[in-house]
Amino acid sequence: MSGVDASPVRPLKPGIYAPIPSFFLPESEDLDIPSFESHVVRVATAGVGPLLAGSMGEAIHLSHEERITLIKTARKALDGAGLVNVPVIAGIGAGSTRESIELANEAAAAGADYTIAIASGYFAGALSGNKKALKAFWKEVSSKSPIPVMIYNYPGASGGINLDSDLITEIAIECPNICGVKLTCGDVGKLTRVAATVSDPMFSSLHPRTNMNAPFLVLGGFSDFLLPSAYSNGHGAITGLANVAPYAIVKLFELCEASMADPSLLPEAQRLQSIVGRADATIAKASISGTKYLLQKLYSYGGHPRRPLPPIEPAAAEALWEHTHTQDLVRLEQEFSGMVR
């Protein structure tokens with residue numbers, strides 16, 4: 001297993017990232033590579049960084065070989081579209097520490113720039129209250145990964161394991177190859193506490209990262225608290241909603257950041273945050289199948305999740321599309337994507 005080596009050439013920056021869905025062909029459920037390529041380039045063109053093989057990407061349904069294929073495909077598609085400086089983040093969630101390290105090495109070899117690791121929830125009963133064991137997981141994975149590793153805190157996908165701000169901060173201090181945290185717990189207070197430490201100007205000099213291109217970023221797991229996150233020295237979000245409305249979410253992030261220097265922009269940031277926040281809550285309830293349905297509706301690709309995850313029911317799909325919150329977001333995305341064109 002490799003140790004930490006050369007710096008990636010694509011810096012990890014504050015901003016908006018999207019957990020990219022994995023698309024599958026009907027019946028066979030083989031990877032739908034053309035749809036995947038189109039989507040990765042679509043969101044990256046809008047300024048959204050791709051995260052592959054995460055929860056939205058149905059990592060649990062993917063083989064090692066399929067994960068490698070997606071990383072290689074994304075890198076080739078981005079480079080072919082002239083997006084050579086866009087980094088690729090790859091999920092390395094697995095049942096054991098050993099397998100997560102394996103996946104990290106495979107991801108690096110395939111062309112990923114960064115990884116993101118979640119603690120397995122299979123033995124959550126033994127792990128969730130064991131701070132020593134949880135810290136040891138990220139310490140070992142990050143020290144043996146050839147590329148920087150991000151913490152993925154998502155109790156819903158890890159048997160209820162929910163890292164507190166003290167533990168996240170300790171890992172940030174003690175593990176120099178850790179490059180951030182994604183807080184899909186949705187805890188704004190936790191984000192504020194972690195950011196208070198890692199965003200302090202002294203943090204980087206007292207606790208330098210192994211890789212200078214990989215600072216410790218504090219990222220929300222949803223886009224419904226981007227504005228308060230910005231004012232708490234957070235660094236953006238990794239959000240599923242950026243698959244559906246990448247231009248709108250990037251615009252919201254940019255306004256949030258700019259409003260701190262120019263308060264006259266705050267009312268517009270608040271307006272966008274209200275639209276995005278409502279849509280995020282509504283669309284998140286429909287989970288992966290709902291996001292895929294909206295992509296199919298908007299961009300003519302999406303399809304269904306891999307079984308046993310069911311597709312969205314037709315009545316629920318229609319209700320999701322017609323919901324005021326969804327339509328408000330669609331109009332916002334059309335406005336900002338049209339402005340770019």
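The lining of the largest pocket in this predicted model is made up of 24 nonpolar, 15 polar and five charged residues. The pocket itself holds about 970 Å³ of space. It is lined by 44 residues, and those closest to its centre are Gly-54, Ser-55, Met-56, Tyr-154 and Ala-157. Several helices contribute two or more residues to this lining: H2 (64–80), H3 (97–110), H10 (241–244), H12 (266–284) and H13 (287–299).

The second largest pocket has a volume of about 320 Å³. Of the 18 residues around it, Ile-16, Tyr-17, Gly-47, Val-48 and Gly-49 lie closest to the centre. Strand E1 (15–19) and helix H11 (246–259) each give at least two residues to the lining. Sorted by class, this lining has 12 nonpolar, four polar and two charged residues.

The next element to follow is strand E5, which spans residues 149–153. Five of its five residues are buried. In a regular strand, side chains alternate between the two faces of the sheet. In E5, Val-149, Ile-151 and Asn-153 point one way, while Met-150 and Tyr-152 point the other way. Both sets are buried, so E5 is covered on each of these sides, buried meaning a relative accessible area under 20%.

E5 also has strand partners. Strand E4 (residues 114–117) runs parallel to E5 and is joined to it by three bridges. Within this pairing, Thr-115 stands opposite Val-149 of E5. Strand E6 (residues 178–183) likewise pairs with E5 in the parallel sense, over five bridges. Here Met-150 is placed opposite Gly-180 of E6.

Among the helices, H14 (residues 314–322) can be read by its sides. Its residues Ala-317, Leu-320 and Trp-321 are buried. These three lie on the same side of H14 because they cover an arc of only 95° around the axis. Ala-315 and Glu-322, on the other side of H14, are exposed.

Helix H5 covers residues 131–144 and includes Ser-142. How accessible is Ser-142? Its relative accessibility is 2%, and because of this value Ser-142 counts as buried. The side chain of Ser-142 reaches the backbone oxygen of Lys-139 at a distance of 3.2 Å.

A few places in the backbone deserve a separate look. Most residues other than glycine have a negative phi, and most peptide bonds are trans. Ala-53 has a positive phi, near 60°, and is not a glycine. Ala-53 sits in the loop between strand E2 (49–52) and H2. With a relative accessible area of 8%, Ala-53 is buried.

Ser-287 is another residue other than glycine with a positive phi, in this case about 60°. Ser-287 belongs to helix H13. Its relative accessible area is 41%, so Ser-287 is partly exposed.

The peptide bond between Arg-307 and Pro-308 is cis, with omega at about 20°. Pro-308 lies in the loop between H13 and H14.

Notes
Residues are numbered from 1 along each chain as its sequence is written. This is a predicted model: local features need pLDDT of at least 70, side-chain atom pairs count only at pLDDT 80 or more; totals for chains, interfaces and linings use all residues. Side-chain values use heavy atoms; hydrogens and water are left out. Helices (H or I, at least four residues) and strands (E, at least two) are DSSP runs, numbered from the N terminus. Buried means under 20% relative accessible area, exposed over 50%, partly exposed in between (1.4 Å probe, protein chains only). A polar contact is a pair of N or O atoms within 3.5 Å; within protein, one must be able to donate a hydrogen and the other to accept it, and residues adjacent in sequence count only if both atoms are side-chain atoms. The arc is that of the directions from the helix axis to the C-beta atoms. On a 1 Å grid over the protein atoms alone, a cavity is a set of points where a 1.4 Å probe fits but cannot get out, and a pocket is an open set with protein on both sides within 12 Å along at least five of seven lines; lining residues have an atom within 4 Å of a point. Grid points are joined across faces, edges and corners, and a volume is the space filled by probe spheres set on the points. Ala, Val, Leu, Ile, Met, Phe, Trp, Tyr, Cys and Pro count as nonpolar, Asp, Glu, Lys and Arg as charged, and the others, Gly among them, as polar. Two strands pair if DSSP finds at least two bridges between them.
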